[in-house]
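I opened the model to look up two things.

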Amino acid sequence: MVQLTNRLTQFLTKKKHQHFINGTYQNSIGEEQIGVINPATEEEIGQIAVGTTEDVDKAVLAAKNAFHHTSDWRKMSPDDREKILYRFAELIAENSESLAQLVTLENGKLIKDARSSDVGGAAKTFRYYAGWTTKIEGETLDISQPQKGGRQNFAFTKREPIGVVAAIVPWNFPISIAAWKIAPALAAGCTVVLKPSEETPLSALLLAEIAMEAGMPPGVLNIVTGDGRTTGASLTAHKDVKKITFTGSTYTGKIIGRAAIENITDISLELGGKSPAIVFNDAPDLDFAANGVAAGIFRNQGQVCVAGSRVYIQKKVYDKVLTDISHAAQKMKISHGFDETAQLGPLVSKSHLQKVCKYIDSGMEEGAKLISGGTKNPLDKGYFLQPTIFSSVDNEKTIIREEIFGPVLAAVPFDDMEDALRLANDSQLGLAATVWTKDISKAMAMVNRLEAGVVYVNSPVRSDPALPLGGYKQSGIGRELGKVGIYNYTTLKSVNIVY
Ligand code: NAD
């Protein structure tokens, strides 16, 4: 059993958490509170304030002042900004256990995943973007404008930080997805107001405390807690926000997109997925492929945007691969996140469990064959669900068309490459895909023709700070991470000096 760290124990003694604005905790102007529930025990671990429009105004003003006046963040030399971001990365790593335990408490996920994917991922992302502060470049351009009297042009572009960034994040990887936004925004010289998910808001507050310890000037990173309807909507409608960066569902992305266009605010959207895994007869090793497909859907209880939630298996190996995937699923130990031997923890909330269960019911009603799992609550308490696998002969069932965001996999057989491509691309979403084959020509043909922002061959999809992530179709607008990730937070100025 994991022992809570002293720092976390101290943090949790505060039952009602405040917003983090201008370098300090500040009371909310509103009275409304939301309880944060541990999904493994169903017990409340604290409460957060629902940020009102006035709270959002205060946070945006702090960020605006820090951008323009008080902190000189944008004017600080890139080298000095790098040092602070690097120090922040180091302190995230030093506080890894406190942060990871808090993520497990509020999200339910396995502690080993919280340590590696969430906290390890966040530290890596800050280290990566710390290095980018000194590498933001414009271009010189040879333009053709005629000038009188032998004068000449000297034309160039420069990249400037865009201004105050509103970052809105989901609950599935609370710290690492926040880092994917905060790190490049701060590296570019922007300041940030982050609204974490109301399901997992506490780790963001602890992260902000650590940012101050790293020497981040007040107002550069602000956290306003609350729900989407009140706090999120106020933030996305704010006229002083110059960039909205959102990760969440396609449904919410459309609402936020409309708010952004009202003020012509720049926006990036990282939205939902229904990603195919395609297993050919000639997969390098069928057990390896089956285990990879299982890992690709059941990691983090299936609550992963790039989860391979539809598997297409070539007919000759269909039964063998499906049996292997179900064996892998049936062997998974379901337990609370602090059990170091657990392989599947609870889903994030009661309402999310109910939503996923409704999809399981719809799979049965629409005639998909239940191969494995489907049991709603294998443990006494907590929002647990067995890893669930369906088989279907067609691509039309709701469980194959809609994002479930839980440990539910639907398998469909296919004939040949054309058939696999037709089935895989038959979706409104296009976030990711995986292909399992030994044949490099076939793999490349699939890479070229799959409508997905990320394609992995012979591996489940993973994230890396250097590799851009984002979706085709209704999976989003723009890309996060990598070099493009930092340019999301800059705006281009074109200059011509006539001399
Ligand atoms: P969600 O859309 O319900 O909420 C995401 C965030 O938006 C939360 O902080 C929420 O409070 C806020 N929000 C809700 N309504 C809002 C509004 N009207 N205005 C402003 N903010 C609002 O999503 P979720 O359930 O937290 O997360 C799961 C979804 O996120 C899935 O669809 C998943 O695929 C997606 N996701 C995508 C990526 C990616 O990189 N593409 C990564 C992780 C998760």
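I started with the ligand: 30 residues surround it, and the closest include Glu198, Ser249, Thr252, Leu271 and Glu403. A residue counts as near if one of its heavy atoms lies within 4 Å of the molecule. The model is predicted; local features need pLDDT of at least 70, side-chain atom pairs count only at pLDDT 80 or more, and totals for chains, interfaces and linings use all residues. Residues are numbered from 1 along each chain as its sequence is written, and side-chain values use heavy atoms, without hydrogens and water.

α8 (228–236), β11 and α9 (250–263) each give at least two residues to the shell around the ligand. Helices (H or I, at least four residues) and strands (E, at least two) are DSSP runs, numbered from the N terminus.

Then I checked distances to ligand oxygen atoms. An N or O atom in the Glu403 side chain is 2.5 Å from one. For the Thr252 side chain the value is 2.7 Å. A polar backbone atom of Gly248 lies 3.4 Å from a ligand oxygen.

I turned to Thr245, which is in strand β11 (residues 243–247). Is Thr245 buried or exposed? Thr245 is buried, as its relative accessible area is 0% (buried is under 20%, exposed over 50%, partly exposed in between, with a 1.4 Å probe and protein chains only). Leaving aside neighbours within four places in sequence, its contacts (heavy atoms within 4.5 Å) include Val165, Lys181, Ser268 and Tyr489.

Methods. A polar contact is a pair of N or O atoms within 3.5 Å; within protein, one must be able to donate a hydrogen and the other to accept it, and residues adjacent in sequence count only if both atoms are side-chain atoms.
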